[in-house]
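The report below takes a fold apart piece by piece, beginning with a single residue and widening to the sheet, the helices and the ligand shell. Please keep the sequence and the model in view while reading.

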Amino acid sequence: MSDNAKKYSDVNYWNKRYESEDHFEWLGVGHEPLLDEMEHILSSFPRDTPVLILGCGNSRLSVDLLHRGFTDILSTDYSRICIQNQRAQFAHEPGLKWDVMDMTRIPLPDQSFSIVIEKATIDGFLAHEPSPWRVGVEAKELLDASLREISRILKPHGRFLSVTFRQPHFRLPLMARMDLKWNVSFHEVLSPNSFHFYIYQMTKDQPLDLSGLEHFLRLGDASQNDNDYQRVASSDSEDEDFVMSISSNILT
Ligand SMILES: C[S@@+](CC[C@H](N)C(=O)[O-])C[C@H]1O[C@@H](n2cnc3c(N)ncnc32)[C@H](O)[C@@H]1O
């Protein structure tokens with residue numbers, strides 16, 4: 001495991017980073033196609049439905065959603081410095097609220113939000129995995145705790161949107177779980193200035209329906225693919241550490 005990539009799971013790394021960084025867009029700049037797709041996915045919800053963003057960082061996603069008409073957005077991150085900065089920067093926007101929150105232990109009641117969004121936060125948990133086909137013990141604990149918490153706080157038929165560059169054969173097997181009591185689907189978002197995004201959509205209290213997704217789940221079979229991957233991958237390269245570092249190098 002690369003020490004360089006482990007930093008993405010360390011709150012001290014993020015606090016230090018946010019001491020001097022005002023804005024960084026993981027997954028690249030140019031939100032418009034992403035926002036268009038989110039608006040489409042969320043079109044059945046009234047615009048005053050409260051939205052919870054997990055691991056907001058200093059991304060513009062919160063203010064962009066506000067400008068698209070969502071009026072009640074709680075953006076959270078476990079970095080205190082991040083939240084202090086964001087709160088100060090957007091003090092003039094009453095529709096934006098900010099709170100320090102660890103998404104593995106969300107201090108909110110059951111069934112408290114209908115819309116929960118994360119962008120590249122789960123990617124940070126998985127960044128130090130030696131292969132995208134396998135999730136190690138530490139990362140699995142963070143992921144499991146977060147997904148359980150998100151499922152717990154979602155209202156019936158609420159949506160959890162997870163935004164990443166990671167393709168369905170890597171990400172669907174992690175999300176498609178009976179115990180989380182949600183259905184999964186995904187949308188591919190083509191962006192002229194970026195890699196393709198994927199928005200994974202989890203809908204609470206809908207039966208898990210994997211018809212049409214079997215192909216991706218089969219491709220995601222770690223036992224078949226891990227050995228091949230190990231042969232071609234350099235596990236210490238920064239690009240493999242965190243697919244998002246590609247965006248930082250090329251797109252911003
Ligand atoms: C890769 S950045 C993504 C930031 C932003 N969402 C974006 O798309 O630009 C990951 C963010 O997640 C935050 N984070 C990491 N682990 C977290 C956790 N357990 N709970 C809440 N936030 C976390 C980090 O502080 C950082 O701001």
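## A residue of helix α2

Asn15 is found in helix α2, which spans residues 11-20; helices here are DSSP runs of H or I with at least four residues, strands are runs of E with at least two, and both are numbered from the N terminus. The model is a predicted one, in which local features need pLDDT of at least 70 and side-chain atom pairs count only at pLDDT 80 or more, whereas totals for chains, interfaces and linings use all residues. Residues are numbered from 1 along each chain as its sequence is written.

Asn15 is partly exposed, because 14 other C-beta atoms lie within 10 Å; a residue counts as buried if 20 or more other C-beta atoms, placed from the backbone, lie within 10 Å of its own, as exposed if 12 or fewer do, and as partly exposed in between. Leaving aside residues up to four places away in sequence, Asn15 touches Ser79, Arg80 and Ile81, a contact being a pair of residues whose C-beta atoms, placed from the backbone, lie within 7 Å. Asn15 and Ile83 are 68 residues apart in sequence, yet their C-alpha atoms are 9.9 Å apart in space.

## The chain and its sheet

The protein chain contains twelve helices and seven strands, and 40% of its 252 residues count as buried. Among its contacts between residues at least 6 apart in sequence, 73% join residues at least 24 apart.

Seven strands form an open sheet of mixed pairing in the order β3-β2-β1-β4-β5-β7-β6, where two strands pair if DSSP finds at least two bridges between them. The edges are held by β3 (96-100) and β6 (182-189), and because each has a single partner strand, one side of each is left without a neighbour in the sheet. Neighbouring strands of this sheet are turned by 20° against each other on average, direction ignored; axes are lines fitted to C-alpha atoms, for helices over the stretch in contact, and angles run from 0 to 180 degrees between N-to-C directions.

## Strand β4 and its partners

Strand β4 (residues 113-119) pairs with β5 (residues 154-164) in the parallel sense over six bridges, and Phe113 stands opposite Leu154 in β5. Strand β1 (residues 51-54) also pairs with β4 in the parallel sense, over four bridges, with Val51 opposite Ile115 in β4. Six of the seven residues of β4 are buried, so this strand is largely enclosed by the rest of the structure.

## Helices against the sheet

Helix α8 (residues 168-175) lies across β5, β6 and β7 (197-204), running at about 20° to β7. The buried residues of helix α3 (residues 32-41), which are Leu34, Glu37 and Met38, cover an arc of only 100° around the axis, which puts them on the same side of α3; the arc is that of the directions from the helix axis to the C-beta atoms. These buried residues pack against β5, β6 and β7, while on the other side of α3 Glu32, Asp36 and His40 are exposed.

His187 has its place in strand β6 and touches Glu37, Ile41, Ile199 and Gln201, again not counting residues up to four places away in sequence. His187 and Ile199 are twelve residues apart in sequence and 5.2 Å apart in space, C-alpha to C-alpha. With 16 other C-beta atoms within 10 Å, His187 is partly exposed.

## Backbone with positive phi

Most residues other than glycine have a negative phi. His157, a residue other than glycine, has a positive phi near 65°; His157 lies in strand β5 and counts as partly exposed, with 13 C-beta neighbours inside 10 Å. Asp205 has a positive phi of about 60° although it is not a glycine, and Asp205 is found in the loop between β7 and α9 (214-219). Asp205 is partly exposed, with 14 other C-beta atoms within 10 Å.

## The ligand shell

Which residues are closest to the ligand? Of the 21 residues that surround the ligand, the closest are Trp14, Trp26, Gly55, Gly57 and Ser59, a residue being near a molecule if its C-beta atom, placed from the backbone, lies within 6 Å of it. The shell divides into ten nonpolar, seven polar and four charged residues; Ala, Val, Leu, Ile, Met, Phe, Trp, Tyr, Cys and Pro count as nonpolar, Asp, Glu, Lys and Arg as charged, and the others, Gly among them, as polar.

Conventions: Contact = placed C-beta atoms within 7 Å.
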